[in-house]
Amino acid sequence: MGNFIGCDLGGTNLRAAIVNSQTGTVSNLTIVPTLAREGYEEVLLRMVDLFEHLIQESGLGKMNIDGIGIGIPGMMDVERGYTTFVTNLPGHWINIPVGPFITERIGIPTFILNDVRSITWGEYEFGAGKGCNSMVMYAIGTGIGGGVVINKQLVLGNSGQAGEIGHMTVEPNGTLCNCGNHGCLEQYASGPAIRAAALKAIAHGATTILGEMVDYDLNKMTPEVVFNAALKGDEIAKNIYETAGYYLGIAIGNSIVQLEPERIVIGGGIAQAGEILFAPMRRAIQEHVHLVPLERIQIVPAQLGNNAGVIGTSMWAEYMVRRKAL
Ligand SMILES: [Zn+2]
């Protein structure tokens, strides 16, 4: 196996590249707007154009592209290549034959996978999970997603939803999540959760420099502002990250107890906060995990950054092509 096209279908951009499956090398990275408002068919046709353009620009020719992988923000039937439900794109993405649609028009076998499972698989194949037998990925950004690899296999679950770690309950009577549950991890450690905690502290009249840092324009409040305030020693800001880290540790502790993975990989924008988040996270893990030897579990940062998705989807296509050939 050699060259694959990997693509992230995001709410804002389509991001695609050619990936060498032996080395993980990314080339011809191209980013175009998704323009999701135009509906799924337009988006899929734009993808076809993008892939044709990549193939031409790479000089490889269609014969030398072994498969295409597409990461989609939602739920899907990976065997048939159909979406089931797509959360973050406007329009009706229910039961759309993304895989067959692209395969038919380009003539290259095309496979789909959840976007964060794709990131997990990318990190496993060529990033922070490389060479290990089992890992759990936590990607912490606007939402919290992840994935699970056990015995070198991506775990998809009975109907493909395994790895929705952002919706693990960490506070049974906690904040209502948009998934319908109360107290999901995402309500405590995601970017919007950190921002909401900052706004709440200001609204309650807490003694903090957070308001001043955004010139009292609360629309300007971001997790980064909270991070910078914490670095300046603001107790409220430090507490917000302390809380996020604590709940992250509770969730990771549960992953550890359940799976005893070799590695926990942490990525996404919020993970850039580093020790301010990781120190309370480690304390919570140590406090709550007793029966599993923690010294044998590595907790490491993700390595592939924005390329994790295109690498992961390419490697997923490689896996599916190889599996179908057996
Ligand atoms: Zn939830």
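Helix H10 is largely enclosed by the rest of the structure, because 13 of its 18 residues are buried; a residue counts as buried if 20 or more other C-beta atoms lie within 10 Å of its own, as exposed if 12 or fewer do, and as partly exposed in between, with C-beta atoms placed from the backbone. This is a predicted model, in which local features need pLDDT of at least 70 and side-chain atom pairs count only at pLDDT 80 or more, while totals for chains, interfaces and linings use all residues. Residues are numbered from 1 along each chain as its sequence is written. Helices (H or I, at least four residues) and strands (E, at least two) are DSSP runs, numbered from the N terminus.

**Domains**

- The protein is divided into domain 1 (3-122 + 306-325) and domain 2 (133-302), with bounds that come from an automatic or database domain assignment.
- The centres of the two domains, taken over C-alpha atoms, are separated by 28 Å.
- Ten residues of domain 1 are in contact with 13 residues of domain 2, where contact requires that the C-beta atoms of two residues, placed from the backbone, lie within 7 Å.
- On the side of domain 1 that touches domain 2, strand E5 (74-77) and helix H3 are the elements that give two or more residues.
- Helix H3 supplies the largest share of that side, five residues.

**Helix H10**

- Helix H10 (residues 308-325) reaches 25 Å from its first C-alpha to its last.
- This span is close to the 26 Å expected at 1.5 Å a residue, the expected value being 1.5 Å times one less than the number of residues.

- Strand E1 (residues 3-9) is mostly covered, with seven of its seven residues buried.
- Asn3, Ile5, Cys7 and Leu9 point one way from E1, whereas Phe4, Gly6 and Asp8 point the other way.
- In a regular strand the side chains alternate between the two faces of the sheet.
- E1 pairs with strand E2 (residues 13-20) in the antiparallel sense over seven bridges; two strands pair if DSSP finds at least two bridges between them.
- Three residues lie between E1 and E2 in the hairpin that they form, and Gly6 has Ala17 in E2 as its bridge partner.
- E1 also runs parallel to strand E4 (residues 65-72), to which six bridges join it; Ile65 in E4 is the bridge partner of Asn3.

**The five-stranded sheet**

- An open sheet with mixed pairing is formed by five strands in the order E10-E9-E8-E11-E12.
- Strands E10 (153-154) and E12 (298-301) stand at the edges with a single partner strand each, so one side of each is left without a neighbour in the sheet.
- Strand E8 is largely enclosed by the rest of the structure, because six of its six residues are buried.
- Met135, Met137 and Ala139 point one way from E8, and Val136, Tyr138 and Ile140 point the other way.
- E8 and E9 pair in the antiparallel sense over six bridges and form a hairpin with three residues between them.
- E8 (residues 135-140) and E11 (residues 263-267) run parallel and are joined by five bridges.
- Ala139 stands opposite Gly145 in E9 and opposite Gly267 in E11, while Met137 stands opposite Val265 in E11.

**Helices on the sheet**

- Helix H3 (residues 115-126) lies across E8, E9 (144-150), E10 and E11, running at about 50° to E9; axes are lines fitted to C-alpha atoms, for helices over the stretch in contact, and angles run from 0 to 180 degrees between N-to-C directions.
- Helix H8 (residues 235-259) packs on the sheet and touches E8, E9 and E11, its direction making about 165° with that of E8.

**Nonpolar core**

- Tyr138 and Ala244 touch the most other members of the largest nonpolar core, which has 92 residues; such a core is a set of buried Ala, Val, Leu, Ile, Met, Phe, Trp, Tyr and Cys residues joined through C-beta atoms within 7 Å.
- Helix H8 contributes the largest share of this core, eleven residues.
- Domain 1 and domain 2 each provide at least three residues to this core.
- Leaving aside neighbours within four places in sequence, Tyr138 is in contact with Ile144, Gly146, Ile165, Ile252, Ile264 and Ile266.

**An exposed loop residue**

- Glu295 is found in the loop between helix H9 (275-288) and E12, and is exposed, with 5 other C-beta atoms within 10 Å.
- Glu295 and Ala198 lie 97 residues apart in sequence and 34 Å apart in space, C-alpha to C-alpha.
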